[in-house]
Amino acid sequence: MKSIFQKCLITSLLLGFSIPTTADTFNTKRCINMGNALDAPNEGDWRHTIEAKSFERIAKAGFDTVRIPVRWSAHTGNAPNYIIDEKFFQRVSDVIQQALTHDLHVILNIHHFDELNAAPKENHTKFIALWSQIASRYQSLPDTVYFEIINEPTDNFKGDLMRQTVKAGFAKIRETNPTRILIMGGDNWSGLKSLPSIPKINDTNQVYTFHYYDPFKFTHQKTSWTHLKNSPTVTWASASDKKALEGAAQYAANIQKTTGIPVFLGEFGAYEKAPYKDIVSYTNATRKAFENVGISWCAWNYTATFPFYNTTENKWDLEKLEALGLSPNGIIKK
Ligand code: BGC
């Protein structure tokens with residue numbers, strides 16, 4: 001009796017097809033984060049309730065993917081099963097469907113699981129219970145839905161303990177989703193230099209991710225949730241700023257090349273209190289630097305903070321959108 005894999009292999013060889021690898025199925029190039037919505041304590045708390053029409057607008061502008069951060073951990077029952085609240089689960093399902101309706105790929109993650117970062121061992125069971133439910137419920141969704149195992153490991157969630165936990169999450173998902181693309185980030189908020197800390201799994205459908213907010217004192221100036229709340233105004237665009245960016249792109253590209261695993265820039269952007277012209281040039285230079293070395297990207301964020309779209313005035317920030325090589329009507333011809 002031959003396994004399905006063996007049968008596929010034989011059929012593929014006979015027909016002259018190549019066996020699908022990660023590169024064939026991770027098709028994201030231009031992505032935007034739908035943050036400040038389902039990752040808030042409750043959707044709406046952070047000035048963003050996801051609307052179906054946003055996905056139509058996003059697809060029309062030329063994005064191919066949306067990343068949907070979700071704070072699952074705040075919507076469960078108690079131990080030992082941590083059953084996800086059905087109303088919340090259905091809401092996430094509806095949002096995924098809205099994105100799929102507009103032919104967008106979807107990256108679904110576990111976001112702001114703060115308790116896991118603070119006490120990884122104590123929250124291991126809850127983490128696995130979450131993925132058990134999410135993976136099982138969404139196993140029939142198209143393979144253009146990707147799962148990202150955990151957003152920005154930090155605090156006590158690092159090193160071997162982080163790797164073992166993430167691998168356990170991976171294995172749990174694989175019980176019901178044998179080939180879905182699974183995305184993983186590394187230590188220390190998944191910064192660029194964390195890429196080598198990500199566990200390498202012997203699985204062709206693994207993708208590495210990192211977040212790029214360097215220089216932090218520029219991108220996060222005057223943010224209320226960091227130590228930079230009262231920081232001075234910082235500009236961006238000096239020769240050394242640009243050199244650092246090129247170095248970062250080379251670093252990520254090198255990891256992609258040496259590991260053979262796709263590397264994905266899952267978040268980048270600059271806070272709205274930075275000088276506007278510098279936000280635009282930073283967005284443009286960062287997007288291009290990574291794109292030029294074959295790294296796909298996901299801008300932070302659609303609306304509310306770091307916004308590309310103003311939901312009060314109902315309009316795109318045209319300069320920021322153009323910095324991504326896009327316009328309300330699609331990709332800008334080069
Ligand atoms: C966090 C957001 C934050 C952004 C930039 C994201 O990972 O979830 O709350 O605004 O990073 O700091």
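**Contacts and core**

Modeller: Trp72 touches Ile84, Phe88, Phe89, Val92, Leu108, Asn109, Ile110, Leu130, Ile134 and Tyr138, leaving aside residues up to four places away in sequence. Contact means heavy atoms within 4.5 Å. The model is predicted, so local features need pLDDT of at least 70 and side-chain atom pairs count only at pLDDT 80 or more, while totals for chains, interfaces and linings use all residues. Residues are numbered from 1 along each chain as its sequence is written, and side-chain values use heavy atoms, with hydrogens and water left out.

Colleague: Which residues touch the most other members of the largest nonpolar core?

Modeller: A nonpolar core is a set of buried Ala, Val, Leu, Ile, Met, Phe, Trp, Tyr and Cys residues joined through side-chain atoms within 4.5 Å. Buried means under 20% relative accessible area, exposed over 50%, and partly exposed in between (1.4 Å probe, protein chains only). Here the largest core has 81 residues, and Phe63, Val66, Trp72, Ile134, Tyr138, Phe210 and Phe290 touch the most other members. Helix 4 (residues 86-101) gives the largest share of this core, seven residues. Helices (H or I, at least four residues) and strands (E, at least two) are DSSP runs, numbered from the N terminus.

Colleague: Why do the buried residues of helix 3 line one face of the helix?

Modeller: In helix 3 (residues 52-61), the buried residues are Ser54, Phe55, Arg57, Ile58 and Ala61. Seen down the helix axis, they fall within an arc of 165°, so they line one face. The arc is that of the directions from the helix axis to the C-beta atoms. Just after helix 3, Gly62 has a positive phi of about 110°.

Colleague: Is Ser296 buried or exposed?

Modeller: Ser296, in strand 8 (residues 296-299), is buried, with a relative accessible area of 11%. Among the residues that Ser296 touches are Phe26, Val263 and Leu265, again not counting residues up to four places away in sequence.

Colleague: Which residues are around the ligand?

Modeller: A residue counts as near a molecule if one of its heavy atoms lies within 4 Å of it. Those around the ligand are His111, His112, Asn151, Glu152, Tyr213, His220, Trp225, Glu267, Trp300 and Phe306. A polar side-chain atom of His220 lies 2.6 Å from an oxygen atom of the ligand, and for Glu267 the corresponding distance to a ligand oxygen atom is 3.0 Å.

Terms used:
Polar contact = N/O pair within 3.5 Å; in protein donor to acceptor, adjacent residues only side chain to side chain.
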